[in-house]
Amino acid sequence: MMYDVLIIGAGVCGTLTARELTRFGCSVCLVDKGPDAASGASRANSGIVHAGFDAQNGTLKARLNVEGCQKMPQVAHELDVEYKNTPSLVVCLSEEDRPVLNELYERGVQNGVPNLRIVERDELPKMEPNISEKAVAALYAPSAGIVSPYELAIAAGENAVQNGADYRFGFEVRSIEPCGDGYAVSDGKTTLNARFVVNAAGIFSDVIASLCGDGGFSIIPRKGEYMLFDKNVAGCVRNVLFPLPTKNGKGILVAPTADGNMLIGPNANVTEKEDTATSAEGLSEIHERAKALMPNLPPLSTVITSFAGVRPTPSTGDFIIRPSAKYPHVLHLCGIESPGIASSPAIAEYAVSELRKMGLELHE
């Protein structure tokens with residue numbers, strides 16, 4: 001059969017886009033090389049629904065982050081996925097760094113983040129009793145939240161299937177070729193045909209783009225390691241705590257999870273695309289850096305597991321959501337790194353609107 005849309009990648013952006021498309025009666029097929037939805041970056045990240053103050057003004061990241069954060073509570077409710085409105089605090093540990101905090105506040109205001117404010121030292125212990133005594137101020141974002149990223153991806157995919165979408169797991173795309181009024185997408189054994197193709201392949205999205213003859217960007221794999229604490233120590237932190245961001249990311253956070261645990265991480269080290277191994281050095285690094293925010297971290301004996309994920313950092317510095325330069329009915333959703341989870345409901349709607357512009361007929 002000829003599908004209307006074939007989506008490569010069953011992470012949170014791929015599955016939410018499939019769900020959105022099935023609202024319009026489109027025939028949709030999701031393919032993924034893994035054994036299930038959320039086999040890649042959507043499986044191993046912090047699950048933070050970022051408020052939207054970090055991304056540079058005027059970028060797709062900034063726009064879609066704020067929109068996605070606003071949409072997430074309703075989407076999670078519709079999909080019966082645990083979501084908690086958990087404010088975030090970006091902690092400033094010295095007066096010398098206060099200009100960076102002020103800059104972050106101004107950026108957030110310009111991005112449209114609601115109810116941002118800078119909290120001074122005297123108020124911080126009331127909001128976060130175990131916060132470092134060195135904290136002089138923090139940027140408070142009450143619109144932030146937490147969600148289970150893999151549950152979100154799986155639930156969105158299930159809902160898409162309820163609406164008629166097909167899944168093909170263990171399908172690693174090897175070729176994409178024009179065929180009639182669409183494309184033939186093959187894993188070397190099976191060929192699927194679709195009028196439109198969406199490249200939501202995460203860390204491998206640049207590889208898929210190259211199959212379409214597209215260049216101009218690359219995906220840099222950055223590994224982030226995490227430590228997950230037992231639920232009996234989760235009350236140690238009330239908000240999502242961040243350090244001031246750096247060029248490598250938002251830094252080592254301390255946060256509750258949607259499941260009621262406590263999480264610290266991630267670091268950010270350039271690695272191979274499929275390197276999800278943790279290391280003693282990496283875990284020691286995140287533990288020490290997390291103590292800068294919360295010196296009285298629970299003992300390591302309360303850590304129940306550690307894990308690592310690889311984020312698809314785009315060489316362009318922004319989400320890459322655009323039609324292929326070579327194949328007119330291929331849409332790239334590439335470089336969806338943090339704040340990808342927070343942005344994902346808005347990314348799905350944006351992707352559908354782009355497909356409409358590209359000629360896909362949609363009738364709700």
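The axes are lines fitted to C-alpha atoms, for helices over the stretch in contact, with angles from 0 to 180 degrees between N-to-C directions.

What you're looking at is a predicted model, where local features need pLDDT of at least 70, side-chain atom pairs count only at pLDDT 80 or more, and totals for chains, interfaces and linings use all residues. Numbering starts from 1 along each chain as its sequence is written, and side-chain values use heavy atoms, leaving out hydrogens and water.

Here are two helix pairs; helices are DSSP runs (H or I, at least four residues) and strands likewise (E, at least two), numbered from the N terminus.

| Helices | Angle | Axes |
|---|---|---|
| α1 (residues 12-22) and α5 (residues 149-162) | about 25° | 8 Å apart |
| α2 (residues 60-78) and α8 (residues 340-357) | roughly 95° | within 6 Å |

So α2 and α8 are roughly perpendicular to each other. Their contact (heavy atoms within 4.5 Å) includes Leu-64 and Met-72 in α2, and Ile-347 and Tyr-350 in α8.

By contrast in topic, α1 and α5 are therefore roughly parallel to each other. Among the residues that meet there are Leu-16 and Arg-19 in α1, and Leu-152 and Ala-156 in α5.

Now for the strands: there's an open sheet of three, in the order β3-β8-β4, with antiparallel pairing (two strands pair if DSSP finds at least two bridges between them). At its edges sit β3 (48-49) and β4 (83-84), each pairing on one side only. Strand β8 (residues 145-147) joins β4 over two bridges, and Lys-84 stands opposite Ile-146 in β8.

Technical notes: Angles under 35 degrees count as roughly parallel, over 145 as roughly antiparallel, 65 to 115 as roughly perpendicular and the rest as oblique.
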